Amino acid sequence: MTRVAPSMLSADFSKLGEEIKRIESAGADWVHLDVMDGMFVPNITIGPVVVESIRGLTRMPFDVHLMIQKPIRYVKMFADAGSDMLTVHVEAEGDVKAALKEIMDLGVKSGITLNPGTPVEELDPFLDLVDLVLIMTVEAGFGGQSFRENGLSKISYIKKYAESNNPKLEISVDGGINRDTGKRCVDAGATVLAAGSSLFKLNDMGKEIALWKTYGPNAKE
Ligand code: DX5
Ligand code: ZN
């Protein structure tokens, strides 16, 4: 069954707690939290204090997308704040492999991600260290951008790797996901759909999430 991870970047931050409850009652599987440092990307969003403050509100896993330079500096703080998964960018400054090892040592699931302009082969050295690969289908930094088609072949590439090496590998996709692009990503091999604007703008998010969950080969499971 396809899992859905609403991106809180599109939530109303003046009532974050209610927004968490809203996605939970809509049937969300994971909470996608976008961390931006104003250096790796131009935007600045949330830090460990915010993650910690919402941790007690739900049991949904926190899928934390770190768009920050030298992520190793912060993985412990985000793990302690209650993250279940920590995903780092392959393009980030610093020792990415060491950051992934640190994440594993902290007992948190590890993920690697890449921007649309980065060739998928650049993930090769890291694939045996991760539980999740996040394919960015927009340039990291802002919500509400249009889906970039070149993500589809990257998903297929990672799916092939997963089939022969790690069938449990989660393949998530993030950026410009809606009911159509989401379906195409699942058909290419994605197991998780992260989406902000297309979900939060809806009055009935539950109906949409239920539809997305029907995508994929094992939807009836
Ligand atoms: C972008 C973030 C995304 C973003 C997606 O840097 O990683 O998670 O919230 O937003 P939409 O779904 O609006 O493209
Ligand atoms: Zn994200």
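User: How many aromatic pairs are there by this rule?

Analyst: Rings of Phe, Tyr and Trp (its six-membered ring) pair if their centres lie within 6.5 Å; planes under 30 degrees apart are stacked, over 60 edge-to-face, the rest tilted. Here the count is 0 aromatic pairs. This is a predicted model: local features need pLDDT of at least 70, side-chain atom pairs pLDDT 80 or more, while totals for chains, interfaces and linings use all residues. Residues are numbered from 1 along each chain as written, chains are lettered from A and ligands numbered from 1 in written order, and side-chain values use heavy atoms, without hydrogens and water.

User: Which residues coordinate the zinc ion (ligand 2)?

Analyst: Donors are N, O and S atoms within 2.8 Å of the metal (3.2 Å for Na, K and Ca); water is not among the atoms, so sites may look incomplete. His 32 (NE2), Asp 34 (OD), His 65 (ND1) and Asp 174 (OD) coordinate the zinc ion at 2.0 to 2.3 Å. Their spacing along the chain is H-x1-D-x30-H-x108-D.

User: Are His 65 and Asp 174 buried or exposed?

Analyst: Buried means under 20% relative accessible area, exposed over 50%, partly exposed in between (1.4 Å probe, protein chains only). His 65 and Asp 174 are both buried.
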